[in-house]
Amino acid sequence: MDEIAPEYDVVVLGTGLTECVLSGVLSVKGNKVLHIDRNDHYGGEAASVNIEALFKKYGNVAPGEEPWKKYGRVNDWNIDLVPKLLMSNGELTNILVSTDVTRYLEFKQIAGSYVQQGKGPKATVAKVPSDAGEALRSSLMGLFEKRRAKKFLEWVGDFKEDDPASHQGLDIHACTMKDVYDKFGLEDNTRDFVGHSMALYPSDEYINQTGAAVETINRIRLYVNSMARYGKSPYIYPLYGLGELPQGFARLSAIYGGTYMLNTDVDEVLYENGKVSGIKATMKDRDDQSEAMKFETKTKKIIADPSYFPDKTKVTGYLLKAICILNHPIDKTDSSDSVQLIIPQSQVGRKHDIYIAMVSSAHNVCPKGYYVAIVSTIAENDANHHLELEPGFERLGKIEEKFMGPPIPLYEPTDNGEESNIFISKSYDATSHFETTTDDVRDVYRRATGEELKVEGLREDQQLATE
């Protein structure tokens, strides 16, 4: 551990991905950063844990038993607590590239992106079409609908926001996405997979929002462009699990002079005239033989995850999540080692989508012959949460182990931090991709610095290191 300085430009609390990205970016841009976590490991809610820790965390252990031993070596497992995949052309990937944190990480492509129509064993599961040609071959649509979807995706590809001639006669900044779908005569099921599996909206609220059409078109284009980069799917995933991402940014911050302190409690936040001025903290002893170290340092800004300032946050909903161990891939998909599968809310009579992210030994997260699948959604009832995830469990088939804790509160800040200079991130949502998380990274950065976060994306001829 580096010596504690008397003052830092920014103190970051929590080592979740959002906080680690911001710590790394701010360090690269010349800020003196102190990064603290009360836990003894990186990642916070976005950590990757071994199978023994998973059993112990979710209470699936009777006294004296060690059920994890039947699954091989404990350290062959790196199981994510948050189910997220990266879009290969998405914002997080652009941040990885622009900060050069990719030198610490290797990625592997997710083998397939799927959507479900209907429910139960007879439901249709099909690859999400990514261009006009795939739309014509898709089993999701009948013959005439395929032609309509082909025309729609061709139009999306040719669309230019500043060229009214490409808008098909629509007042694109004033119309709703419903108006666009109606223009092309798309059926409800087609609207479902376009909006939820390509534009990646978690619910149907976007359809009737005035002016949302341009954003939706850009989201679809991002999906198509990400798909085009590697071929099988638009998603990539870090080898050894998502816990590698925050650690990569921690290394990046350290190279640029950032100071990291794990196993450290914040005892008091100091203020002057209503604005943060510093912190008092204690670095706990790790072996019960050394004394805890207390220190105080000054800062004018704090960036933190919601758990550090519960009085400055509000609950916006509850996340339901089940981590499942399988000994087989997911039925009705052609992807043997990994998949993202979305069950749109309208297909199962819900208000929120159900997400499934599955990875395997191909990603160095489990031994050969096993698969890790995480099913997630937003709670819509006060009880029977297991039933809310049931459509996802049905899709998985036989489950060897199921780890499901209580509903997880989702927090967001109650103010923008301008008065106190304390800038708080949001909780991770149910989506199985990082686009909403990187929206939050940009938002916190904007609030904390007064500037937009500018990053360079991958060039057309450039690839990430993937296996």
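Figure 1. Just after helix 3, Asp100 takes a positive phi of about 65°. For orientation, this is a predicted model, in which local features need pLDDT of at least 70 and side-chain atom pairs count only at pLDDT 80 or more, while totals for chains, interfaces and linings use all residues. Residues are numbered from 1 along each chain as its sequence is written, and side-chain values use heavy atoms, with hydrogens and water left out. Helices (H or I, at least four residues) and strands (E, at least two) are DSSP runs, numbered from the N terminus. Helix 3 spans residues 91-99, and seven of its nine residues are buried; buried means under 20% relative accessible area, exposed over 50%, and partly exposed in between (1.4 Å probe, protein chains only). The buried set is Leu92, Thr93, Asn94, Ile95, Leu96, Val97 and Thr99. Their cover includes helix 1 (17-28), strand 6 (86-87), strand 7 (107-109), strand 10 (235-238), helix 9 (244-255) and helix 12 (435-449), where contact means heavy atoms within 4.5 Å.

**Figure 2. Two asparagines with positive phi.** Most residues other than glycine have a negative phi. Here is Asn263, with phi near 60°, in the loop between strand 11 (259-261) and strand 12. Asn263 counts as buried, at 12% relative accessibility. Asn421 has phi near 65° and is found in the loop between strand 21 (408-413) and strand 22 (422-424). At 17% relative accessibility, Asn421 counts as buried.

Figure 3. Strand 13 (residues 275-283) and strand 14 (residues 293-299) run antiparallel, with six bridges between them. In that pairing, Ile279 has Thr297 as its bridge partner, and Ala281 has Phe295.

Figure 4. A pair of aromatic rings is described by the distance of the centres and the angle of the planes. Rings of Phe, Tyr and Trp (its six-membered ring) pair if their centres lie within 6.5 Å; planes under 30 degrees apart count as stacked, over 60 as edge-to-face and the rest as tilted. By this rule the model has 14 aromatic pairs. Phe152 and Phe184 have ring centres 5.5 Å apart and planes at 80°, so this pair is edge-to-face. Phe152 belongs to helix 5 (residues 143-158) and Phe184 to helix 6 (residues 177-184), so to speak two distant parts of the chain, 32 residues apart. Both Phe152 and Phe184 are buried. Trp155 and Phe159 also form an edge-to-face pair, with centres 5.5 Å apart and planes at 70°. Trp155 is buried at a relative accessible area of 6%, and Phe159 is buried at 4%. Elsewhere, ring pairs link Phe55, Tyr58, Trp68, Tyr71, Trp77, Tyr370 and Phe403 into a cluster.

**Figure 5. Charges over rings.** A charge sits over a ring if NZ of Lys or CZ of Arg is within 6 Å of the ring centre and within 35 degrees of the ring normal. Lys32 lies over the face of Tyr8, 5.6 Å from the ring centre. Arg38 has its charged end over the ring of Tyr308, 3.8 Å from the centre.

**Figure 6. Nonpolar cores.** A nonpolar core is a set of buried Ala, Val, Leu, Ile, Met, Phe, Trp, Tyr and Cys residues joined through side-chain atoms within 4.5 Å. In the largest core, of 98 residues, Phe152, Val180 and Leu245 touch the most other members. Beyond four places in sequence, Leu245 touches Leu17, Leu86, Leu92, Leu96, Leu105, Phe107, Pro238 and Phe434. A second, separate core has 22 residues, including Ala322, Cys324, Val348 and Ile356.

Figure 7. Glu388 lies in helix 10 (residues 385-388) and is buried, with a relative accessible area of 4%.

Terms used: Pairing = 2+ DSSP bridges.
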